[in-house]
Every structure is written in structure tokens, then in C-alpha cells.
Amino acid sequence: MARPGLRRVGSVSSASASLLGAGAGGIPELATHLTDDSVAWALLRWEVGSGTFVRSKLVAIHFNGDDVPSVRRGRLNARSAEVLGLLGEAHATIEVKRNEDLHLDFVCERLMKVLTSDSMAKSMSAEALRKDYETLIEKQKSEKAKGKDKAPRVPRTVKDHPGKQISVDRVLAAVGDTSGPYNWALLEPERLELHNAGYGGLVEMKEWLSEDLVLFGMIRFTFGRETVASSMEGMTAAPAVVKYIFVHWVGPKVSAVRRGKWNAQQKKADAHVRSVCSITFRREAHSLEELELADLISELLRLAVVDGAVSDAGKSKISVEEYMASLALEQQKQMEAEMEEFGGAEAESELPQLDVAVDSVRTAGGEYNWVLLGMKPPGGENKVAQEKAKNESTMASAAATQAKKAEEAQLAKEAADAKKAEEARLAKEAAAEAKKAEEAEEARLAKEAADAKKAEEARLAKEAADAKKAEEARLAKEAAAAEAKKAEEAEEARLAKEAADAKKAEEARLAKEAADAKKAEEARLAKEAAAAEAKKAEEAEEERLAKEAADAKKAEEARLAKEAAAAEAKKAEEAEEARLAREAADAKKAEEARLAKEAADAKKAEEARLAKEAEEAEEARLAKEAADAKKAEEAEEARLAKEAADAKKAEEARLAKEAAEAKKAEEARLAKEAVAAESKKAEEARLAKEAAATEASATVLAAVSMKSVPKKTDEDSKISGPHRSSAPHELHAPQAEAGHPGYPKRSSMSSQPAPARNVDVAATTGASVRPEAMMTGNRYLSAGAHGA
């Protein structure tokens, strides 16, 4: 146990708060930088509203991982106030213990209590808050994709390293390795060259799917967490389930000719991928919607249940959450490796300064909307990185040496086997390959022609059915229009009749009312006149009785009164006539208005009929244009068919030419190898012949040198020189003297006498030994030595 007062080098107490990450992707992006074996602190900016009414809320997140050892977690949490002080004040503080708990719904529920104090956000629900946040994040992501406020990052794909050269086989092997640096790869359709590869998973791969290309690829799905090192201290270990999917991408903007040509490479690409891993299933996609993460994982789970190749515990891990957690660990591991490869200081410099990142998050509309802080022991990371690099270098060197030796032995063995197999195979495949290719091409073209014919027949059948339906609809519409027209004419006749009857009835009513009014007025006037006469008579009588002297005056007054009454009656009659005339005018105006309304309705009906006729004429015109378009389309199809036929002929000619050239090249190579073989056989025969001659010469020399020569007798001395032996073993002394092949040259000491058993036969007997005697030794003596 360490003594109090002493501080361990690289411990938590001596670690400094450092910037672990910053970004504009919000909560989903922040979650990828957190693991359950770490303690970290984050500041998140949450914007509510839009435009001038936008409000920013700052949320401090204390990530207290459950998998961190309790002692270490306690020491780190003791420094929480220090780190939160670097982040500054926040509207809310949230503690999260599991990476899977850090999601939008969880944060929205916690923020609702804070937002209720804001009068502008009181009416918002958690769902509305989540949607607004997602919209904001998508907007910031799109702006980032267009190059606005783009923050530097560690490269994730092969194309992000312009100077990095890597082969297709190496990339596929890396994806096929369960712990390889890449988890997806895409191949070009022409020569199956590398299109791109990376470790960002399905989402990253979909960004490289071009709409005008056909691509073949593979993607690795890891569920559960393997043993990986974290940038923060600690380890995570658990068994993992790994599955592979073969992706056949067909861009929606690829032409039919190119699509057919490129799709022919699918089998070769499939075999290439299957050589490095076991494919669970193949997915052909024509749009990005057909490569949804949830759908692919659901299919993997279904196949795992059907095949029974995965245990129940493993099946429970096949989920989107487990995949995202494993992907986050893979990305973290690879990013650390990238930082070590390109220099830790250089990779670290891609992140902004701590205070700059914090200020950006705290500023409304800043470049970053989240920042993550954690503890890093001083100098510890460089030492670990150096030790790791040293171990990796040593292991790589040993593995390379061992692999080189094994490869050399394997190559030597394979070269011998391949030569024999190649001689037999080439003779057989040279003729079959061109035929096979031709048959495959013919089958493909026949299939494409059949597919095109079926598609054309289906299209024509559909167009015929659509045309029939349209014709039936048009006839039904015309029948309905005819019925409507008949009904309209009947209605017009009925309305005209009703109008005439109403007019007659109105005129009769007005005439009757005028006659009745006139009679009533005449009766009233007569009654009034009678009353006036009676009054006048009474007044006249009274006046006559009262004052007879004023009869003349009364008569005058009576006359004046009568005239006045006549004037009043005339005035009343005129007023009545004016009233009747006014009523007649009003009735006339009402009748004219009614007739005008009926005329307007009739005009509208006529306009509607004319519009209908115009619409029918337009439909006829459109039908004609459709027929013309169909003819043009048929002409275009004929042109395309002709082009396809020409392309087929050109392709067949090209294949025939390539086959002929390949055949010629193969024949030339075989002839060259035959000449080399003949030369080798002749050389071996020559060497064997020389070896046999050398061996025979050595044998004769040994026999001659080891054979003892008998002494001369008197009888032998009498033999004359001309009787030489014709035995095949005699050699002439001059030949031996001259250095006949197989005999050693005489040295300067050859004139001295040699031991008796080593005496030269020719010198002793005086006979010559012919060269042919070297093959069997000196079993025969010449006639000159032994007599006739």
C-alpha cells in the first residue's frame, strides 16, 4: 500500500483534464465516444425554437460508467467539481451510467422539467422537443457536409489516405478478420479493383454508393464486445458474434447495357469475397432504403434462428444496440491506431483547444454542440504507444520471416505441381475457355434478350390494358355526357315552358289586379262623390233655410266646392294610376331580372358544354400525341435493339479475337517450353555421355596402373616386331605420350623407372594399345607379345 503523501506516477490524482472529443452531431455522435468502462464529463448545447425565437439550453452530462472499478471511479468522481468548473454553468446536470441510456428520449424527459420554466417552451411535449432537436442536428450535419464549419478528423476510409497503397486482397482479408482494421469494402465492377474501404460501418459504406455505378462489397457485423483497449484506462472483454453480408449495389442511374455488363462480374466478386469469410446472406439493393440497418440485422437474426449455428446467448446479442456499441469500440480502437500511425501529436492537434471547444459549445450557433472531457495521465500514453509499437514491430518482423519461409517452401512445391497441372490443364482449357466464354456470352445475351422480350411484352400488355381501361372510361364518360346533355335539353325545355306559363300567368294576374283596382277606385270615387253630394245637399238645405239671401253665394261656394272635389278626385285617380304604373314597372323589372338570370344560366350551361367539347378535343389530341410518342418509343426501342445487336456482334468479335490471340500466345508459350525441354534433354544426354566416357577412362587407367606386367622371356625376344597384336586393348605409346583422353599427362619425373607392377604395358612389350582396348582392360595380349 502506498504511503500517505506519496503520489503514484500516472495515477488519477496526477492526471489532467483533457479534451477527448468535440463535434456537431449531437447526442448520437457523443454516445459513440463513450464506453461503460470510462468516467467522463460532457457539455451539450440544446437549442429550442427557431429563427429569432431560438433558445439555447446547456446540459452537463456526467458519464459514470458501471464497468469502471469502484476505487478508480471514486477517485475520478472526486474530481468532478474540477472538470465541471472547466465546462462552466449549465441549466441542467444529468448522470448516465450506461452508454445505451444516453439517447434522445432519455435526455428529453430530463429536460422537460427545465424547459417548463421557459414561457416559450411550456406548451412543448417531449416528442416535439425530440423532433426539433433531430431537425436541428440534421441541418447542422448537412451544412457540415457542404463544407461549412467542417472540423478536421482522423481519416476513416482508404481514400482518405491519398498516398496509402493497399491491395484488394489485403483489404478483403482485413474485413474477413474478425478484429481487422476495416469492417466494410466495395469493389469496382470492371476489374474488381478497390472502390473504397473503411471502419465506419453501414452508414459510412452507404455514403460511397454511387448512383451511376454497380458495386460489389462486403460488410462485417459484430454483436457483443471483444477484448479491446480503451483510450481511457480499463478493458472490456466478452465473446462476440460476427456475421458477414455480401452487398450487390445497382445504382438507379446505371444504363441497361452497363448494368448487364457489370452484373456479369457478380459471381467472380462473390467468389473473391467468400475466399476470406463465410457469407451469411446476399443483399441486392437498388436504393439506399433497401439497406436499412434494422432490416439487415432482423434478417441476420432470422437466419441465426433458422440455422441454429448460434447459441441462445449469441442470438440475444444480435440487435441494433449491440451492433452500435461494438461499432463504437471498433471505431475508437482504429482511431487510436490511426493516431499512432500518423503521429500522436499530429492527430491530437486535429482537436481544438479545450477552452476554444467549450466556448464554441456555450455560444449559440457555435461550430460544436458537444464537448467531452476526461482524465489522461501525463506521459503515460506516449509510453504505452511506444511499447505497443515496439511489440507490434517485433511480432510483425517474426511473422514476416516465418511467413516468407513458409511461402518459399510452398511456392517451390506449388511450382512443381503447378507446372505439371498447367501443362495438362492448358492443353485442355485453351480450347474450352474460349468456347465456355462464348457459350456464357451467348447465354447471357439470350437471357437478356428473353428478359427484354418479357419486359416488353409485359409493358405492351400493361399499356393495352391501360388503353382498354382508358377507352372504356372515355366511352362511359361520353355516354354520361350524352345522358347529361339530354337531361339538360329536357330541363331547358321544361324551364322554357315554365317561363312561358309563368309569364302568361303573371300578365293575367297583373291585368286582373289592374281591373280590380280600377273598379275599386271607381266605386270609392262614386261613394265619395255620393257622400259629397249628400253633404252638399245638406249644407245647401241648411244654407237655404238659414239664409235665403245668400243663395247666390251658396251656389257659388257649392260650385267651387264641386270643382275642388273634382280636382281632388282627379288627383287621387292620377296617384292611383302612378301606383299601378309603378307596380307594373316593378313587375316588369322582376320579370326581366328573372329572364336575365335564366339567360345567364343558359349561357353558363352553354359555356360548360363548349368547355366539355374542348376537353374532349384536348383528350383526342393527347391520345394522338400518346400514339405518336408510342411510335417514337417503338422506333427508339428498335434503335436500341439494333445497337444491342451491333454491340453483341462487336463483343463476339472482340472475344473471338482475344481467344485467338490467347490461343496463339499459349501455343507460342507451349512451343517455347517444348524447345526448352528438347534442349534440356539433349544437354542431359550430352552430360550423361561425357560422364560415361569419363568413367570408362578412369576404369581403364585404374586397371592398367594396377596390373603387373610379366618379364620378357627368350622366346618372347625372338618375336619379330611386325607381328603386332590386333587385340582391342592395345595402345600406341605415342598416343599415351601425347596425352590420349583418359590418360594423365606425364610429369617431368616420368623418365624415371617405375615399380615393376606399375610398368606401362606398351613400354614393356613394345606393342601399341589401341583406344578401344580401354573398355575391357588388358585381358588380351597382342600377337607381337605372344607369337602367332
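Analyst: Let me begin with a term we will need: a residue is called buried under 20% relative accessible area, exposed over 50%, and partly exposed in between. Please also keep in mind that this is a predicted model.

User: Okay, so is R621 buried or partly exposed, and why?
Analyst: R621 counts as partly exposed, because its relative accessibility is 37%, and that value falls in between the two cut-offs.

User: Which residue does R621 form a salt bridge with?
Analyst: Its partner is E625, and the closest N and O atoms of the pair are 2.2 Å apart. Both residues sit in helix α16 (residues 551-706), where they are 4 residues apart, about one turn of the helix.

User: How many salt bridges does the structure hold?
Analyst: There are 47 salt bridges. One of them joins E471 and R474, with the closest N and O atoms 2.3 Å apart, and these two are 3 residues apart in helix α15 (residues 380-546), so about one helical turn separates them.

User: What about E636, which residue does it meet?
Analyst: The side chain of E636 meets that of R639 in a salt bridge, at 2.1 Å from N to O. The two are 3 residues apart in helix α16, again about one helical turn.

User: New topic: how many disulfides are there?
Analyst: The structure holds 0 disulfides. As for individual cysteines, C108 is buried, with a relative accessible area of 1%, and C277 also counts as buried, at 11% relative accessibility.

User: And where does negative charge gather on the surface?
Analyst: A patch of negative charge is formed there by E289, E290, E292 and D295. Of these, D295 lies in helix α10 (residues 293-307) and is partly exposed, with a relative accessible area of 45%.

Note on methods
Residues numbered from 1 in each chain as written. Predicted model: local features only at pLDDT ≥ 70, side-chain atom pairs only at ≥ 80, totals over all residues. Heavy atoms only, no water. Patch = residues over 30% accessible without salt bridge, like charges linked within 9 Å, V, L, I, M, F, W, Y side chains within 5 Å. Areas by Shrake-Rupley, 256 points an atom, 1.4 Å probe, with all protein chains shown as cover. Salt bridge = Lys/Arg side-chain N within 4 Å of Asp/Glu carboxyl O. Lys, Arg positive; Asp, Glu negative; His and termini not counted. Charge placed at Lys NZ, Arg CZ, Asp CG, Glu CD. Buried < 20%, exposed > 50% of the residue type's maximum accessible area, 1.4 Å probe, protein only. Disulfide = S-S within 2.5 Å.
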